[in-house]
Amino acid sequence: MSPHFDQIVDSFQDLFEGRSDAQGTWDGGSVRAPVGFDLFAGHLTGKTCFGVYPLLDDSTVKWGCSDIDVDDLDAARNLQTAFFLKGVVSYVEKTRRGYHVWVFADDWVPAWIMRRAFLAAHQVVKLPAKEVNPKQEVSSGLGNYVRLPYPNGYNSLPSERMMLGADDGPLGLEEFLEHAFQNRTPMESLYPLAQMFQPPRRKAELPAPMPA
C-alpha cells in the first residue's frame, strides 16, 4: 500500500484506539489477539472487519458511543445538538438498524466522565440511554466492544456504518478523519457536561407490614 494509505490507517487507529489485546468479531464474538496497524488496515480494506473495546485497565477511554438502535435520525441529531450546545463535537453514523453517535477525546479521559457526558446529553433531549459505551465507569474485564465504521471504507463508501454529513448524506472516510481530528474534544469540555448528569432517584422502599 502507499504512504497515503498508511497515514489514513494511522489516523483511523488513533481516533478509534481502545484495548490492544482483544478485539470484537463482526459476528458477535471476542478474540484475545493483538490489535494494531495490520488489523485496522484490514478493516478499512474489508479483509478483517472488527470491533474495539474502548475501556482500558486503568478505566480510561478515548471515545464514547451511543447506540440508537431504531431508525430515527432526528433522535440522533437531537443528541448531537445537545453535545454541540456544550462545546462538544459529535458524529452520527448510519448503522444497519439505526444510528451511532460518537464523541472523540483528544487524549485518554476517565471513563466515568465520558459515560456521564453521554448520559447527561441523553437527559437533556429526553432520549432514553439504552446503550452508551463505555458501559462501565470502572474497568472490570473486557467490557463491551463497538463495531467500527467504514468497513472496506478505503476502497468504497459503504451503504451503512459510515458517518453522515450535515446534509444527511454519506461522509467520505478521509473527509471524516480530517474533520474529526480537528475537532477532538478536550476533557475540560466533557467534564462540565458530565457534572450535569442526574442519577435516577431510587424508589422509596415501603416499610414492611406489621405482623398480624
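**Strands and aromatic pairs in a predicted model**

Strand 5 and strand 9 (residues 162–163) pair up in the antiparallel sense, with two bridges between them.

Getting from strand 5 to strand 6 takes a hairpin of four residues. K94 lies over the face of Y99, 5.1 Å from the centre of the ring.

Four strands make it up, in the order 2-1-3-8, and their pairing is antiparallel. Its edges are strand 2 (30–31) and strand 8 (146–147), each of which pairs on one side only. Strand 3 (residues 50–52) is held to strand 8 by two bridges, again in the antiparallel sense. Within that pairing, G51 has R147 in strand 8 as its bridge partner.

Now for the rings. The structure holds 16 aromatic pairs. A pair of aromatic rings is described by how far apart the centres are and by the angle of the planes. For Y53 and Y145, the centres are 5.3 Å apart and the planes sit at 65 degrees; an angle over 60 counts as edge-to-face, so that is what this pair is. Y53 belongs to the loop between strand 3 and strand 4 (60–68), while Y145 belongs to the loop between strand 7 (132–133) and strand 8, so the pair ties together parts that are 92 residues apart in sequence. Both Y53 and Y145 are buried.

A second pair is made by W63 and W102. Their ring centres are 5.0 Å apart and their planes are at 55 degrees, so this pair is tilted. Here too distant parts of the chain are linked: W63 is in strand 4 and W102 in strand 6 (residues 99–110), 39 residues apart. W63 counts as buried because its relative accessibility is 0%, and W102 counts as buried because its relative accessibility is 0% too. Both tryptophans belong to one aromatic cluster, whose members include F12, F16, F40, F50, Y91, F104, Y150 and F176.

Definitions and conventions:
Residues numbered from 1 in each chain as written. Predicted model: local features only at pLDDT ≥ 70, side-chain atom pairs only at ≥ 80, totals over all residues. Heavy atoms only, no water. Pairing = 2+ DSSP bridges. Phe/Tyr/Trp six-rings, centres within 6.5 Å; stacked < 30°, edge-to-face > 60°. Buried < 20%, exposed > 50% of the residue type's maximum accessible area, 1.4 Å probe, protein only. Lys NZ or Arg CZ within 6 Å of the ring centre and 35° of its normal.
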